[in-house]
Amino acid sequence: MPEENKQQSKRLRVAVIGAGGWGYQHARAFWSRKDTQLAAIVGRTAQRTQERADAFQVPWYLDIREMLEKEKPDFVSVCLPAQHTFEATMTVIEAGIPLMSEKPLAYRLEEARELTARAEEKKLFYAIDFNQRYSIPCLKAKQDIDAGRLGRPVFAHWRFGHGWDTQLLDHPYLNLIEAQCHGLDLLEHLCGPIRSCMAEMTDNGGRNSYSSFTLSLRFENGAVGSFLATLDANEHNRLSQLIEIGGTDGRILIEDNVRSYTFQATESEIAETWQAGFFEDGLRSFGHNLDRHLDALIPALLAGQEPTVPARRGLRALELAYAAIESFQTGRRIEVKAD
């Protein structure tokens, strides 16, 4: 890490709330940009927060209101565990400061609705970091789909299997809400609104939670989808994550989000594949998905535009998650209204 933060006029002063793993990624990303200046770290425990702040040579706080009053940041990034994020996020919203929240937006649907409604009342810039959209493979998939290369959508499949130490979080639908909001958002981002879903779940993993589940999906455009996700696997497995999208004119395959992207036309024996070069570490770094998101988000903020991924997309993912929960609990297919 360089000894001094870069100096540049008119840089956004950014405070990061959260001193955990993803709080570090946000601090690193804002600290390294030429258009932002990391202004402060807010955490929940003194030692960890001070260590993080000292690493970036910025002030640290345990109280959000005190930080807002003293540092007067232009932008705030909220990176707390989502079971504990409502009060912190609402404090920033009520202060009228533009913000971004890590996913998920909240665990309780009514809290997510209250947060987004209040921000919209105040006409506040409020983003969510669905950073998987910004991997190179997902950017290429969106580009090909928007260009019409896929043709009429027919099917989509999401599979994500990894292990996770869930001791810090306790919820019966932890995997669905905490981790797989990424998949619910990304499938809608690439394939359009989901119209209905039906769910099966199991707690056979012994985590006191429905740690593995599958969804059957129908999209507004008539395509069908399948969704399989588990916390009862090994993230070191090859193809821990797989996204497959088929259309009348071609097929898209994304492996492990950042590993590779393949497009193959329906009538072709030849597939086109992208993967990062030997020295292109940043292109295959999951953490750098955040940097690519900020490359789009910060210019939008400075231009007075909407966030590239607005917080209401986090609300939408939570609505889909609760539709899946209702389906599992009732044994019925649940219709989901589009935005």
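Student: Before we start, what should I know about the model and the numbering?
Tutor: The model is predicted, so to speak of local features we need pLDDT of at least 70, and side-chain atom pairs count only at pLDDT 80 or more, while totals for chains, interfaces and linings use all residues. Residues are numbered from 1 along each chain as its sequence is written, and side-chain values use heavy atoms, with hydrogens and water left out.

Student: Great. What is the strand order in the open sheet of 9 strands?
Tutor: The order is β14-β13-β12-β11-β7-β10-β9-β8-β15, and the pairing is mixed. The edge strands, each pairing on one side only, are β14 (272-275) and β15 (334-335). Strands here are DSSP runs of E with at least two residues, helices are runs of H or I with at least four, and both are numbered from the N terminus. Two strands pair if DSSP finds at least two bridges between them.

Student: Which helix packs on that sheet and touches β7?
Tutor: Helix α8 (residues 181-191) does, and it also touches β8, β9, β10 and β11. Its direction makes about 160° with that of β7. Contact means heavy atoms within 4.5 Å. Axes are lines fitted to C-alpha atoms, for helices over the stretch in contact, and angles run from 0 to 180 degrees between N-to-C directions.

Student: And what does α10 lie across?
Tutor: Helix α10 (residues 311-330) lies across β8, β9 and β15, at about 55° to β8.

Student: Let's zoom in on β12. Is it buried or exposed?
Tutor: Of the 6 residues of β12, 5 are buried, so the strand is largely enclosed by the rest of the structure. Buried means under 20% relative accessible area, exposed over 50%, and partly exposed in between, with a 1.4 Å probe and protein chains only.

Student: How does β12 pair with β13, over how many bridges?
Tutor: Strand β12 (residues 250-255) pairs with β13 (residues 260-265) in the antiparallel sense, over 6 bridges. I254 stands opposite Y261, and G250 has A265 as its bridge partner. Their hairpin has 4 residues between the strands, and D256 there takes a positive phi near 50°.

Student: What about β11 and β12?
Tutor: That pairing is antiparallel too, over 5 bridges. These two strands form a hairpin with 2 residues between them, and I245 stands opposite I252.

Student: Switching to aromatics: how many aromatic pairs are there?
Tutor: The structure holds 11. One of them is Y173 with Y210, a stacked pair at 5.4 Å centre to centre and 25° between the planes. Y173 is in the loop between β7 and α7 (174-179) and Y210 in the loop between β8 and β9, so the pair ties together parts 37 residues apart in sequence. Rings of Phe, Tyr and Trp (its six-membered ring) pair if their centres lie within 6.5 Å; planes under 30 degrees apart count as stacked, over 60 as edge-to-face and the rest as tilted.

Student: Are those two tyrosines buried or exposed?
Tutor: Y173 is buried at 9% relative accessible area, whereas Y210 counts as partly exposed at 25%.

Student: Which residues form an aromatic cluster?
Tutor: W158, F160, F213 and F227 form one. Elsewhere, R149 lies over the face of F263, at 4.1 Å from the ring centre. For such a charge, NZ of Lys or CZ of Arg must be within 6 Å of the ring centre and within 35 degrees of the ring normal.

Student: Now helix α3. Which of its residues are buried?
Tutor: In α3 (residues 64-71), I64, M67, L68 and E71 are buried. Down the axis they fall within an arc of 100°, so they line one face of the helix. The arc is that of the directions from the helix axis to the C-beta atoms. On the other side, R65, E69 and K70 are exposed.

Student: What covers the buried residues?
Tutor: The cover includes β1 (12-17), β2 (36-42), β3 (60-61), β4 (75-78) and α4 (86-94).

Student: Last one: where is the cis peptide bond?
Tutor: It joins K103 and P104, with omega about -15°. P104 sits in the loop between β5 (99-102) and α5 (109-121).
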